[in-house]
Structures are given as C-alpha cells and as structure tokens.
Amino acid sequence: RRGYVITIENGTLLVSLIGRFGDYPPTDREGFLAFASELHSDLAYRIIKDSEQLTPIAHHRFVGSSQRHYERMVQRPKGFLVIGDALCHFNPIYAQGMSVAAVQAKILREVLSYHAEQSRGLGGIAASFFSKAADFNRTPWDLAANFDFAFPQTRGTRPPGSEERARYFAALDRLGQKDEEVQRLMTEVFHLVKPLSMLQEEPLRSRVLNQIALRL
C-alpha cells in the first residue's frame, strides 16, 4: 500500500491511494479513509479525514509495464514513428509518463533539427530517434522496474542482478518514508530532474546498505 497527498492549483489537494496484488483501496469515502488510516503512516489520513471531498473517488487499474524496442528493427515502415506510452509505458504510481513523453518529444525535435540543418531530408530519422529514445528510456524504465521487482509477486523477466537492485530500492524506499531529504531526492530522480546515479552516491548508499543489513 502507498499513498500520496499533493497540493495542486487553488490550494486543492490531489489524494492518491495505491494497492497491489488484489489489495485495492475502496471507492466509497468511508472505505477510502479506512484504507488511508492503515498505511505505514497515518499522515495522509489525518490530512484528509476532515477535508471537503470535491470530486467522486476514481478507480484506475494498471496491468503491466512494457517497453518496445523499435531501435532493434532491421526494417521499419517508412514515415512511421512511435512516441510516449506507445513506445514505453510504466507503472503510473511513479508519475513518469508525461515527463518521459516530453523528453522523447524533445529528442525528436533535436533529430529533426539536425536533419534539417544537414539538408538530409527525412531519411534515417526513425533509426536516429528510436536509438536516442531507447538510451533515454533506460533510466525511467530501470527506476520503475526495480521498484516493482522489489515485490516477489511482480511477474516479468527479471534481468541479471535484479534481485539485488530490487532489495536496494526497497531499502531506499523505506529510508525515504522517514527522511524528507531522501524522499525529495527520489522524487527529483523519478521526475528526471536529477540523474539516477545520485541514488547510489555516498553517504546515501551506506545508509541504504545499512537498511538492508537490518532486514537480513
């Protein structure tokens, strides 16, 4: 279980409660509040229990993440490009989708500008774009997959070293629940403001490894 309370426009709060593997938050107010009160921290519950509910509770179900490797195709349909969720989509609880699509659009603009400057026309744009997009997608994909694979119930092909990485990210998540600065850094990395490598830098790495040792 997980919960987010985020301030948006006009001082309104956006409240998201998240469950996995059949343990989903109810859509009635009483059940929703009860679910919030049972999180690892009751902070979200204390914030929303006496608040005015502005909209009905919406329920969304996410089945699985997927990444399509068009950069590996030997032959591609002419005049065909894929971008956004059609190229790579992740568990939405990590709030990466729009940022990833925006960066992919930026990559496409750069590729188009380069071809225009070189007077090369549209030939080769797909190969260049898909290759650059795949390089970029690796970071948000690894972030989402490593957190999802922290749960043994998660199905999918686990790459070599995934168990160790999942253990690291699970410990990082536990640390972020208690430390505001760690939580802020994780948010900035997930939103692609800071590089993934910062989650492995000292002294944070030693703190995470200590969390892992406490669980062994």
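In the predicted model, strands β1 and β2 run antiparallel and are joined by 6 bridges. Strand β1 spans residues 2–7, and strand β2 covers residues 13–18. Within this pairing, Tyr4 stands opposite Ser16 of β2. The two strands form a hairpin with 5 residues between them. In this hairpin, Asn10 adopts a positive phi near 60°. In a regular strand, side chains alternate between the two faces of the sheet.

The pockets were examined next. The second largest pocket holds about 230 Å³ of space. Its lining includes Arg76, Pro77, Lys78, Gly79, Phe80 and Leu81. Leu122, Gly124, Ile125, Ala126 and Ala127 also belong to the lining of this pocket. By class, 7 of the lining residues are nonpolar, 2 are polar and 2 are charged. Arg76 and Lys78 are the charged residues of this lining.

The structure holds 1 cavity of 30 Å³ or more. The volume of the largest cavity is about 50 Å³. Gln67, Arg68, His69, Glu71 and Leu87 contribute to its lining, together with Phe130, Ala133, Ala134 and Asn137. Helix α4, residues 125–148, supplies 4 lining residues, the largest share. The lining of the largest cavity comprises 4 nonpolar, 3 polar and 2 charged residues.

Terms used:
Residues are numbered from 1 along each chain as its sequence is written. This is a predicted model: local features need pLDDT of at least 70, side-chain atom pairs count only at pLDDT 80 or more; totals for chains, interfaces and linings use all residues. Side-chain values use heavy atoms; hydrogens and water are left out. Two strands pair if DSSP finds at least two bridges between them. On a 1 Å grid over the protein atoms alone, a cavity is a set of points where a 1.4 Å probe fits but cannot get out, and a pocket is an open set with protein on both sides within 12 Å along at least five of seven lines; lining residues have an atom within 4 Å of a point. Grid points are joined across faces, edges and corners, and a volume is the space filled by probe spheres set on the points.
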